[in-house]
Amino acid sequence: MKEPLPQLDSLFLAALDIESPEQRATFLNETCGTNLELRHEVERLLKSNELSGSFLEQPAPELDATMMFRKGSLNGDVAIHAGPATAFDQRQAVVIGRAGLSVLKNLEGTINVPRILLRDSIKDGPEPILKPQSFELPDRDSDSRYQLQGEIARGGMGAILKGRDTDLGRELAIKVLLDSHKDKPDVVQRFIEEAQIGGQLQHPGIAPVYELGQFADRRPFFSMKLVKGETFSKLLADRADPSVDRAKLVGIFEHVCQTVAYAHSRGVIHRDLKPANIMVGAFGEVQVMDWGLAKVLLAGGVADEKKARNTQLAQSLIQTLRNNTGSDHPGTVGDLGSAGSQTQVGSVMGTPAYMPPEQALGETDHLDERADVFGLGAILCEILTGKPPYTADNGTMVFRMATRGKLSECFSRLDQCGADVELIAITKHCLAVEPSERPRDANVLTERITAYLASVETRLRVSEVERAAEAARAEEALHTVAETEARARAERRAKRLQLIMAAVVLVLVSIGGVAAMRSAVVQSRLKDDALNAERVAEEAREGAVKAARREQALAQEAQDLQQRESELRQQAEVREQTIQAMLYAAEMNLAGQAADDVSGLRRVGQITTSWGPERVARNLRG
Amino acid sequence: MGSMPDVTLILSAIENGDLAAAEALLPLVYQELRKLAAAKLSKEKPGQTLQPTMLVHEAYVRLVDVNQPQEWNGRGHFFAAAAEAMRRILVENARRKQSLKRGGDLHRVALETTGGGAKDRNDDLLSLDEALTQLEARWPEKARLVKLRYFVGLTVAEAAQAMKISVATAERYWTFSRAWLHSQLTQ
């Protein structure tokens with residue numbers, strides 16, 4: 001095989017063997033002669049050789065999963081293109097856009113991409129990530145809208161990752177199927193079922209599922225609201241005493257009941273209700289978490305046993321897979337957790353400390369809403385007594401108690417907890433060993449709890465009204481003192497007036513010679529006047545009361561009263577004149593009568609002289 | 001594995017100087033490598049990459065009846081074909097990625113596992129391919145060695161064996177080719 005420029009390679013290699021630069025130059029001078037181009041090329045190669053370092057020493061770049069992509073390529077190729085679009089035939093699927101694809105990245109350059117970011121709420125609670133470096137985190141996908149930030153929890157079937165939706169700028173909880181299960185169709189099916197159940201349960205008490213998707217490594221995931229806050233379990237445990245905050249906690253419990261009632265109305269039972277599965281947010285959100293054990297009932301509310309039989313394999317598989325969700329330590333069969341508070345592994349699922357006997361006995365197919373009612377009762381029990389129904393030193397004991405429905409200790413604890421009898425009765429009703437003796441479903445329970453809370457409220461309101469009435473009375477009493485003082489002042493004035501009146505009467509009486517009849521007339525008139533005066537005095541008293549209430553107006557009012565008084569005095573004077581006139585008339589009359597009898601003549605003289613011209617001049621004659 | 005005897009036969013034919021057989025080998029190896037890569041990548045955890053070397057070796061085991069004692073250089077012929085196939089696969093991949101960078105393909109569902117340097121790496125590979133084509137035009141044997149070293153990951157000694165040349169010759173070829181390609185790329 002003749003090479004077009006045979007000299008170049010051998011020249012280069014020969015030159016390379018000469019170490020001294022001078023000798024090398026000499027060699028090149030000799031060999032290349034006038035062929036400067038050749039010499040130049042050899043020199044360039046020598047230089048390149050020096051500079052090349054590790055060039056090409058490493059084999060070709062590694063292949064990554066994108067390498068085989070070709071549009072419309074064969075099945076063999078398609079298999080490695082993960083993502084939802086490949087799950088369907090392209091001709092059938094309406095692909096609007098890849099789930100999880102960042103819309104904003106697509107829009108970049110066409111518009112000024114908005115980046116609104118609300119501040120964090122101070123009360124949001126602690127950072128939920130437990131493991132920033134999780135084996136379950138899929139690889140970074142530069143086109144994805146999701147940023148994955150670490151692992152929050154791990155269950156038997158999936159891991160919950162903390163994520164961020166970079167398009168909407170919000171935090172998310174992303175539940176992803178464990179990598180080890182991605183090739184197990186039945187587990188994938190069950191996982192998607194969980195997403196569908198969660199996605200269809202739309203209630204403020206249930207963290208909403210936003211999206212079901214698939215990571216590039218083909219693992220399905222679903223994104224949910226990231227619920228921040230405390231678990232109800234922590235709230236309950238943090239109490240100094242079970243009687244603390246009881247009303248508030250029963251209020252939270254009512255929310256839980258309403259949420260479960262909603263789920264029951266949609267034919268879904270939760271099967272793992274416990275305080276650890278309830279999140280209480282800083283702003284009053286109460287959310288029932290982990291619907292991973294949830295089961296869909298048939299329309300009649302009876303467990304779908306036929307379906308369960310049909311999917312026997314999947315059922316038992318999932319049952320073995322399901323373990324302590326929310327814990328980093330996957331349990332093993334036989335190890336029932338330290339105190340039976342963790343979700344159980346094995347053919348029995350749930351959490352023994354809160355589990356109804358029928359569930360503990362493994363009758364998973366026959367469970368219905370009343371299993372949840374028991375769980376709710378168990379939560380209520382922990383609210384009231386500080387502990388779940390079954391407590392023992394170890395999980396095995398707890399589990400044994402749960403299978404046998406050993407609730408006598410629990411019931412005596414309830415009896416001694418000091419809560420309202422009604423509430424204790426509700427709890428015991430829910431914890432009935434026989435399902436048929438419990439409230440039918442969470443809705444019935446909700447009604448009872450609501451009624452209980454309403455009665456408590458009524459009681460509170462009644463006592464509040466009483467307290468308010470008492471307070472009003474006390475205030476009134478204070479007012480009365482002021483009024484009494486004012487009245488006393490007014491009465492003192494009235495008494496003074498009466499004295500004046502009495503004086504007038506005395507004056508009149510002292511006039512003397514008045515017949516009993518006249519004096520009676522006068523007396524009655526005087527009495528009327530006195531009444532009038534009293535009425536006026538009453539007015540004055542009222543004025544005085546007002547005066548007492550308005551301290552600053554008191555002086556003015558007092559002045560008014562004085563004025564009144566002087567007016568009264570004037571009126572009294574006028575009245576006196578009137579009386580004098582009447583007396584004049586009466587006595588003139590008497591004089592007339594006296595004139596008729598002889599002995600009376602002297603008397604007439606007396607009367608007429610007593611009514612001298614100056615007295616008559618006051619027009620008394622009418 | 002229905003294709004296994006075919007490849008063994010073809011390799012034997014190449015050994016006997018059948019040039020048409022060499023042409024038939026390339027597409028077979030190419031297909032096998034693609035299929036193998038696809039299968040492996042779909043099974044592996046994402047982010048796990050495939051070494052072309054491992055891939056080629058695995059394809060060899062799958063395609064060639066290794067239990068049959070081979071006195072002829074079947075392995076060398078196979079690796080030569082595999083090196084070329086691998087080169088095409090990688091180049092094709094790099095081209096596609098470049099077009100995607102220009103926003104070409106809305107149907108893209110693949111995962112991106114590479115970091116920021118991916119673009120450079122793709123560019124590098126395409127330039128290298130160009131230079132390699134020129135090297136091939138002038139010194140086909142040397143280009144073969146480069147392909148075996150770079151795309152199959154053989155050592156100089158292994159490549160020498162596959163090419164039925166001495167290790168010293170292979171070393172010389174390699175030194176020259178590396179310098180030459182480097183000078184082409186840094187021109």
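B:Lys147 is counted as buried because its relative accessibility is 7%, where buried means under 20% relative accessible area, exposed over 50% and partly exposed in between (1.4 Å probe, protein chains only). The structure is a predicted model, in which local features need pLDDT of at least 70 and side-chain atom pairs count only at pLDDT 80 or more, while totals for chains, interfaces and linings use all residues. Residues are numbered from 1 along each chain as its sequence is written, chains are lettered from A and ligands numbered from 1 in the order in which they are written, and side-chain values use heavy atoms, with hydrogens and water left out.

A salt bridge is a side-chain nitrogen of Lys or Arg within 4 Å of a carboxyl oxygen of Asp or Glu. B:Lys147 belongs to helix H6 (residues 140–150) of chain B and B:Glu84 to helix H4 (residues 74–101) of chain B, so this pair ties together parts that are 63 residues apart in sequence. Helices (H or I, at least four residues) and strands (E, at least two) are DSSP runs, numbered from the N terminus. B:Glu84 is likewise buried, its relative accessible area being 12%. Both residues belong to a network of salt bridges that also links B:Arg87, B:Arg88, B:Asp129 and B:Glu136.

Over all chains, the count is 35 salt bridges. Side chains of opposite charge can pair when their charged atoms come close. In chain A, A:Arg438 and A:Glu358 form one such bridge, with the closest N and O atoms 2.9 Å apart. Since A:Arg438 is in the loop between helix H15 (421–430) and helix H16 (442–511) of chain A, and A:Glu358 is in helix H11 (residues 357–360) of chain A, the pair ties together parts that are 80 residues apart in sequence. A:Arg438 and A:Glu358 are both buried. Another salt bridge joins A:Asp368 to A:Arg370 at 2.8 Å, N to O, and again both residues are buried.

A:Glu382, in helix H12 of chain A, is buried yet has no salt bridge. The nearest side chain of opposite charge is that of A:Arg239, 6.2 Å away; Lys and Arg count as positive and Asp and Glu as negative, while His and the chain ends are not counted. Leaving aside neighbours within four places in sequence, A:Glu382 is in contact (heavy atoms within 4.5 Å) with A:Leu236, A:Arg239, A:Pro275, A:Tyr354, A:Lys387 and A:Pro388.

The whole structure contains zero disulfides over all chains, a disulfide being a pair of cysteine sulfur atoms within 2.5 Å. For A:Cys381, the nearest cysteine sulfur is that of A:Cys410, 3.6 Å away. This distance of 3.6 Å between A:Cys410 and A:Cys381 is too far for a bond. A:Cys381 is buried, with a relative accessible area of 0%, and A:Cys410 is buried with a relative accessible area of 0%.

Rings of Phe, Tyr and Trp (its six-membered ring) pair if their centres lie within 6.5 Å; planes under 30 degrees apart count as stacked, over 60 as edge-to-face and the rest as tilted. A:Phe374 and A:Tyr390 are stacked, because their ring centres are 6.5 Å apart and their planes are at 20°. A:Phe374 is in helix H12 of chain A and A:Tyr390 in the loop between H12 and helix H13 (395–404) of chain A, so that the pair links distant parts of the chain, 16 residues apart. Both A:Phe374 and A:Tyr390 are buried. In chain B, B:Tyr60 and B:Phe79 form a tilted pair, at 5.7 Å centre to centre with 45° between the planes. This pair ties together parts that are 19 residues apart in sequence, because B:Tyr60 lies in helix H3 (residues 52–63) of chain B and B:Phe79 in helix H4 of chain B. B:Tyr60 is buried at a relative accessible area of 4%, and B:Phe79 is buried at 3% relative accessibility. Ring pairs also link A:Phe12, B:Trp139, B:Phe176 and B:Trp180 into a cluster.

The average pLDDT of chain A is 75, and 71% of the residues score at least 70; pLDDT is the predictor's confidence in each residue, from 0 to 100. Within chain A, confidence is highest in helix H12 (residues 369–385), at a mean of 95, and lowest in helix H10 (residues 312–321), at 29. The pLDDT is below 50 over residues 66–97 of chain A, a stretch with 61 contacts in the model beyond near neighbours in sequence. Where pLDDT is low, the predicted coordinates should not be read in detail.
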